[in-house]
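Please view the sequence and the structure below before reading on.

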Amino acid sequence: MAEQKFLPFALPDIGEDEINEVVDALRSGWVTTGPKTKQFEADFAAFIGDGVEAIAVNSATAGLHLALEAVGVKEGDEVIVPSYTFTATAEVVRYLGAHPVIVDVDPVTFNIRPEAIRVAITAKTRAIMPVHFAGLACDMDAIIAIAREHGLKIVEDAAHAMPTYYKGKLIGTLDSDVTVFSFYANKTMTTGEGGMVVSKNKDIIARCKVMRLHGISRDAFDRYTSKTPAWYYEVVAPGYKYNMPDTAAAMGIHQLKKINAFLKKRETLAARFDAELADLPLILPARPTEAGSNHAWHLYPVRLKPEAGISRDDFIVRMAELGIGCSVHFIPLHRQPVWRDGYSLKRESFPVADAAFEAEVTLPLYTRMTDDDQSRVIAAVRQLLGK
Ligand SMILES: *Cc1c(COP(=O)(O)O)cnc(C)c1O
């Protein structure tokens, strides 16, 4: 049998348009934040719609940090985050000297539960960070109602949610305070590294813009193109260095143009997995239940049932032997030494996230996957589960 090439767990989908635009940035003489970043921001805001503004940053982590700072999270505050997420969601809270209050998740969607948020609220709670796991929206109506009732801010970690509709509205347009998207290499669209902060709130946008670039009141490109003297600027706060370079925005401009085509491809792949894995001892990913909601299919997370007769760890090793890369989403925060030890978190307090982690495998799903690639994944899963 001919040796088959290893099928990775994720692959970016970069075309000639992206390559030419990056080359154009390189040849233009302007490689940092400039005209391509402005265009990417304008295009992104137009895509999300509903009058939002968009600010490009060099990662979603940076964007989440800016967002929390802009909504007023301060030292000693508490911010409620789900355990079933990437560590970035919680670490940005610590950047500001505030504390993540880590809660368990819903057993079907792995999203943060409104009831768990309610129980976690104290006099110190300042904000809630819903994470739309895998690309399926959280119960945002209930979360927004709780935030209103208690005067809390909402910063959505939408790293998986490009594009996700919730009851007919795109994530980014809901009545939260700020939404942050990720363009990391394995996300549904990529700029290599990058992120976008989206909000309808002018004050939040203004604050994020200033803090994105050292707390300077005018950015370098404004200074370069403005009629007033280019050398003058004022520093109004000790800001950060989180701006997106034009070399990255150049990729983003074309990835965004393809995002609906990418989504269609992801939906097709997910539907085929659903159909061809349905008879196996697996719990397949949750589907949206409300009208007007969709799944962005950033990830295709399955869980092995006990009757599968194979542990998650062995399953991943055997898949790799069959030439297929899998991953795990997520090792919950309460299992990571920094959060577990720092906040004395016990596994018993997170029964859903803990059990989900032990059984979860993320199968490869990406737009460059061919029918044959997907057939190999399905055949390997069926072989390991004895079908
Ligand atoms: C990828 C990811 C992030 C971080 O995104 P970066 O752009 O790499 O900073 C944050 N939250 C979640 C849930 C993620 O999956």
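## Ligand shell

The ligand is surrounded by 15 residues, the closest being Thr61, Asp157, His160, Ser182 and Lys187; a residue counts as near if one of its heavy atoms lies within 4 Å. The shell consists of six nonpolar, seven polar and two charged residues. Helix 3 (60–70) and helix 4 (87–95) each contribute at least two residues to the shell; helices are DSSP runs (H or I) of at least four residues, and strands (E) of at least two, numbered from the N terminus.

The model is predicted: local features need pLDDT of at least 70 and side-chain atom pairs pLDDT 80 or more, while totals for chains, interfaces and linings use all residues. Residues are numbered from 1 along each chain as its sequence is written, and side-chain values use heavy atoms, with hydrogens and water left out.

Oxygen atoms of the ligand lie 2.5 Å from a polar side-chain atom of Thr61, 2.9 Å from a polar backbone atom of Ala60 and 3.2 Å from a polar side-chain atom of Lys187. A polar contact here is a pair of N or O atoms within 3.5 Å. The protein covers 92% of the 380 Å² of accessible area that the ligand has on its own (Shrake-Rupley method, 1.4 Å probe).

## Cavities

The structure holds four cavities of 30 Å³ or more; a cavity is a set of points on a 1 Å grid where a 1.4 Å probe fits but cannot get out, and lining residues have an atom within 4 Å of a point. The largest cavity contains about 110 Å³ of space.

Its lining comprises 15 residues, with Val108, Phe110, Pro285, Ala286 and Pro301 nearest the centre. Strand 11 (residues 300–304) supplies the largest share, three residues. The lining divides into 11 nonpolar, two polar and two charged residues.

Note on methods
A polar contact is a pair of N or O atoms within 3.5 Å; within protein, one must be able to donate a hydrogen and the other to accept it, and residues adjacent in sequence count only if both atoms are side-chain atoms. Ala, Val, Leu, Ile, Met, Phe, Trp, Tyr, Cys and Pro count as nonpolar, Asp, Glu, Lys and Arg as charged, and the others, Gly among them, as polar. On a 1 Å grid over the protein atoms alone, a cavity is a set of points where a 1.4 Å probe fits but cannot get out, and a pocket is an open set with protein on both sides within 12 Å along at least five of seven lines; lining residues have an atom within 4 Å of a point. Grid points are joined across faces, edges and corners, and a volume is the space filled by probe spheres set on the points.
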